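Let's walk through a protein and its RNA partner together. Have the sequence and the 3D view open as you read.

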Amino acid sequence: MTRYTFRKHEHLCGRLRIQEVFSTGKAVNEAPFRLVGKVMELPTVARAQVAFSVPRRYLRHAVDRNRMKRLMREVYRLHKAGYLERIAAADRQCAWLIIYQGRGTMDLAETQLKITRCLDRWMEKHGF
RNA sequence: CCUGUGCAUCGCUCCAUCGUCCCAGGUCUAUGGCCUGGGGAGGAAAGUCCGGGCAGCAUAGGGCACCAUGCUUCCUAACGGGAAGGAGCGCGUUCGGGAACGGACGUGCUACGGAAAGUGCCACAGAAAGGGAGACCGCCACAGGACCGCAAGGUCCGAGGCCUGAACUUGGCAAGGCCCGCCUUCGCCAAGGCUUCGGCGUGGCAAGGAUGAAAAGGUGAGGUAAGAGCUCACCAGUGCCCCGUGUGAGCGGGGCAGCUUGGUAAACCCCACGGGCUGAAAGACCAUGUAUACCGGGGUUCCGUCGCAAGGCGGAUAAGGACGGCCCGUCCGAUCCCGGAGGGUAGGUCGAUAGAGGCGGCGUGCGAGCGACGUCCCAGAUAGAUGAUGGAGGUCCUUCGCAAGAGGGACACAGGACCCGGCUUAUAGAUGCACAGGCUUU
RNA sequence: UGCGGGGUGGAGCAGAUGGUAGCUCGUCGGGCUCAUAACCCGAAGGCCGCAGGUUCGAGUCCUGCCCCCGCUA
């Protein structure tokens, strides 16, 4: 049985790396979400690293920002297996940045729908 | 019992599964995986409004500037915070009184040093808005005269007075004239108030009216031409002195004085007290690594000085720089080469979680607090850990139902980022205590 | 995290040292025109971000909040 985990080495860290993804990655917009991704070498055993961002501009309270990031993390944790397999098959590594740009908070089901559709479109675009 | 106010405490609970950060231990195929155990957001974690710890830089000293505070005593590491008290201003109850008002009690608010050190401002209205000012109406007096009226009295003119507009007088200037030191001018300037013309009735008063937020103590009597703290009595207020009382702010009582001196300092300002500057993006270390600040030596240049010169000595003087606001004052001194020693960015580790710590009862103080004792270890992330799903319970709302109950929905404000003490702001609901009001019962 | 600037009619902005809140554009009504624009005449529209305080009087001064913009790794 596979375990649905999301540990530290799967987080995308570092100022320079995030800046690189931001400036040179390809983006996919889906409703309130925006996925910026790039196929690149990463210093980790994981097949992909992800960062989640919720700007203060859209959600003023830290409680709401934390909640949205937790929901996004939860969705990624439960659905990442399929995508990672396809990347492993191609023997590549990816860096993703998921940004929330909605005004209010969402529930888990809606977040799941949007993020999975977002990832599907990105994978399709990059030929996995 | 209900409602309100204030203070204090709490602020959903439990179970299962999956997931996550830290610590300890173990294990494997070791940038990681797995197992076991333990810990994992708040009363405001927030706003960043104050105060400290801590860190670095600066620091011979003095002055100015700047910032902040402002009744007293105390608490505190400190504070612009807190406690107790004083004074002032309200509100309520009650007592006295015809009322105005005063006393007592309770309760709330207060940036509450100085306006008699100086400066500024006080629009509009109003006569006048601050050298104790000013005269619109008003009140009173005034040589002499005219008019009205039987009279009481009333109305009008205005001598003396004031203004100095014109003439005038005196002086100066300018231009012109001649007999050359005097004269003249529709000329100009300054002064004068003797003369003429012209203009204003003149003087006293601050009681009353009217304006305004505010009009220069209030009431009564004397006094006066009319009046006025002009004088007196009482009251209010100011300053000084004495006595009692309190640690003190003050409070109570008595005496003297000038007899009255607006408001504004959240206007400048004065006084007292305090403040060195910068903040964890502070700062320390590691690996990589070498700009140039620094230190030592040498050369060249500049300035001063000694010397006939070669050259020597010094960086006091000059330009400039540092003492991160300015001044005095103190200190440094341009550039090139060689050697030594070593910075910043990005990454990592520390800083960084045992503390002005929590809890418990005891002692002490009116209280904020303080003291000793016992006991506990309680988040340390760094693109930033607490979430998801299911179930049970609790509270509230709502629909159905006669009821028992059933269905549905909601559970506030809000998430650490170096740490503490406060303040301020947000907050559904629950509990306790105190006070006030209403209803019911005895 | 530390700091700076701002909030005034529908929009963009003035408002020195407290004393009746203004300007331009826009809106509405009328005129001109065959009609529209331009032009001319007139009008409405503000508790000056919110709440307290100082003052006789606050857009302005003081205090506490709310919101917006910018700088800072």
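Buried means under 20% relative accessible area, exposed means over 50%, and partly exposed lies in between (1.4 Å probe, protein chains only). With that in hand, Q93 counts as buried because its relative accessibility is 10%. Before going on, please note that this is a predicted model, in which local features need pLDDT of at least 70, side-chain atom pairs count only at pLDDT 80 or more, and totals for chains, interfaces and linings use all residues. Residues are numbered from 1 along each chain as its sequence is written, chains are lettered from A and ligands numbered from 1 in the order in which they are written, and side-chain values use heavy atoms, with hydrogens and water left out.

**The loop between α2 and β4**

Helices (H or I, at least four residues) and strands (E, at least two) are DSSP runs, numbered from the N terminus. Q93 sits in the loop between α2 and β4. Leaving aside residues up to four places away in sequence, Q93 touches K38, V39, M40, E41, L42, T44, A46, R47 and I87, where contact means heavy atoms within 4.5 Å.

D91 belongs to the loop between α2 and β4. D91 counts as exposed because its relative accessibility is 56%. Its phi is positive, about 60°, although D91 is not a glycine. Most residues other than glycine have a negative phi.

**Helix α3**

Helix α3 covers residues 108-125, and its 18 residues reach 26 Å from first C-alpha to last, close to the 26 Å expected; the expected span is 1.5 Å times one less than the number of residues. Buried residues of α3 include T111, I115, L119 and W122. The helix's buried residues pack against β1 (26-30), β2 (33-39), α2 (62-90) and β4 (94-100). Just after α3, G127 takes a positive phi of about 75°.

**RNA strand B**

| Protein side | RNA strand B side | Distance |
|---|---|---|
| H11, side-chain N or O | phosphate oxygen | 2.6 Å |
| A62, polar backbone atom | phosphate oxygen | 3.3 Å |
| R77, side-chain N or O | sugar or linking oxygen | 2.9 Å |

The elements giving two or more residues to this surface are α1 (15-24) and α2. The largest share, 8 residues, comes from α2.

Conventions. Polar contact = N/O pair within 3.5 Å; in protein donor to acceptor, adjacent residues only side chain to side chain.
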